[in-house]
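Have the viewer open while you read.

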Amino acid sequence: MAEVATARRSRITPEREAELYAAVLDLLREVGYDALTMDAVAARTRSSKATLYRQWGGKPELVAKAIRHNKPGNIADVDTGSLRGDLHALSTREDDCTMQQNAALMRGLFMAVHGNPDLLQAFKELLIEPEMEEFHRVVQRAVDRGEVQAGRPALDYIVHMLVGAFATRTLIDDEPPTQEFILSYIDAVVLPALGVPVT
C-alpha cells in the first residue's frame, strides 16, 4: 500500500503538492468540508480531477493530508531538554492569528468527522495516529529523564487535556485560543497533573 502511494505521489513536485494543500485549506475555510468538492479543488488549482483522485484517492485523504501538511514540523523533533520546555515550544510554533484560523477550521472539521466515517478513518490514519506516536516520543523522553513517573495516571490524558483546552476556549470563554492561554494552561493544569514542578 505504501509503495503504491509513493508511486502515485511521485508525479507531483513537493512545491506543487504544497500549492494544492494550501488551496484545499482555503476552500475548507470558505465553504466547509461538506460543500468542498474535488471539482472545486481541480478548478482552484488548475488540475484535473483524474490527477487528484490518482494522487489522493478521494476527498477525505486529500483533506487529512492537507491538514497534516499544514502542521509546523514533526512533534518529536522538539527537544528542549525538559517536558515544560517541549510543551511550551510545541505551543508556540504558531502565532495567535494562525492558531485562531486553525481553531475555526478544526471546529468545522470536527463536526464533519462525526457524520463521515471515511473522513474519520482518514483523520485517524493520516493525522491523529502519526501525531500521537510523535507526541508519545516527547513524553517518553520526559519519563526517561525522570521528570515524570512512568505510572502517573495523567500520562494517558495529556493530549486530551491540550486538545480540550484548545477546542473549548471559544465555547467557554468566547475567546480564541492564544499562546498565552495555552502556555498558562500547561503550567496550571497539565504539568501539575503529571507531578512536574513549574519553576
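## Salt bridges at a glance

Keep in mind that this is a predicted model. Counting up the salt bridges gives 14. A few of them are worth a look one by one.

## Glu30 and Arg44

Start with Glu30 and Arg44, whose side chains form a salt bridge with an N to O distance of 2.8 Å. Glu30 belongs to helix H2 (residues 14–31) and Arg44 to helix H3 (residues 38–45), so this contact ties together parts of the chain that sit 14 residues apart in sequence. As for solvent, Arg44 is partly exposed, at a relative accessible area of 39%.

## Asp86 and its arginines

Now hop over to Asp86. Its side chain meets that of Arg141 in a salt bridge, 3.8 Å from N to O. This one links distant parts of the chain: Asp86 is in helix H6 (residues 83–91), while Arg141 is in helix H8 (residues 117–145), 55 residues away. Is Asp86 buried or exposed? Asp86 is buried, with a relative accessible area of 0%; the cut-off for that label is under 20%.

Asp86 also pairs with Arg145, and here the N to O distance is 3.9 Å. With Asp86 in helix H6 and Arg145 in helix H8, the pair ties together parts 59 residues apart in sequence. Arg145 comes out as partly exposed, at 34% relative accessibility. Which residues end up in one network with these? Salt bridges with shared partners join Asp79, Asp86, Arg141, Arg145 and Glu147.

## The cavity

The model has 1 cavity of 30 Å³ or more, and the largest cavity holds about 40 Å³. Select Ala103, Met106, Arg107, Phe110, Phe166 and Ala167 in your viewer and you have its lining.

Where does that lining come from? Helix H7 (96–114) and helix H9 (158–173) each supply at least two of the residues, and H7 gives the most, with 4. Sorted by class, the lining of the largest cavity has 5 nonpolar residues, no polar ones and 1 charged one.

Technical notes. Residues numbered from 1 in each chain as written. Predicted model: local features only at pLDDT ≥ 70, side-chain atom pairs only at ≥ 80, totals over all residues. Heavy atoms only, no water. 1 Å grid on protein atoms, 1.4 Å probe; cavity = no way out; pocket = protein on both sides within 12 Å on 5 of 7 lines; lining within 4 Å. Points joined across faces, edges and corners; volume = space filled by probe spheres on them. Nonpolar A, V, L, I, M, F, W, Y, C, P; charged D, E, K, R; others polar. Salt bridge = Lys/Arg side-chain N within 4 Å of Asp/Glu carboxyl O. Buried < 20%, exposed > 50% of the residue type's maximum accessible area, 1.4 Å probe, protein only.
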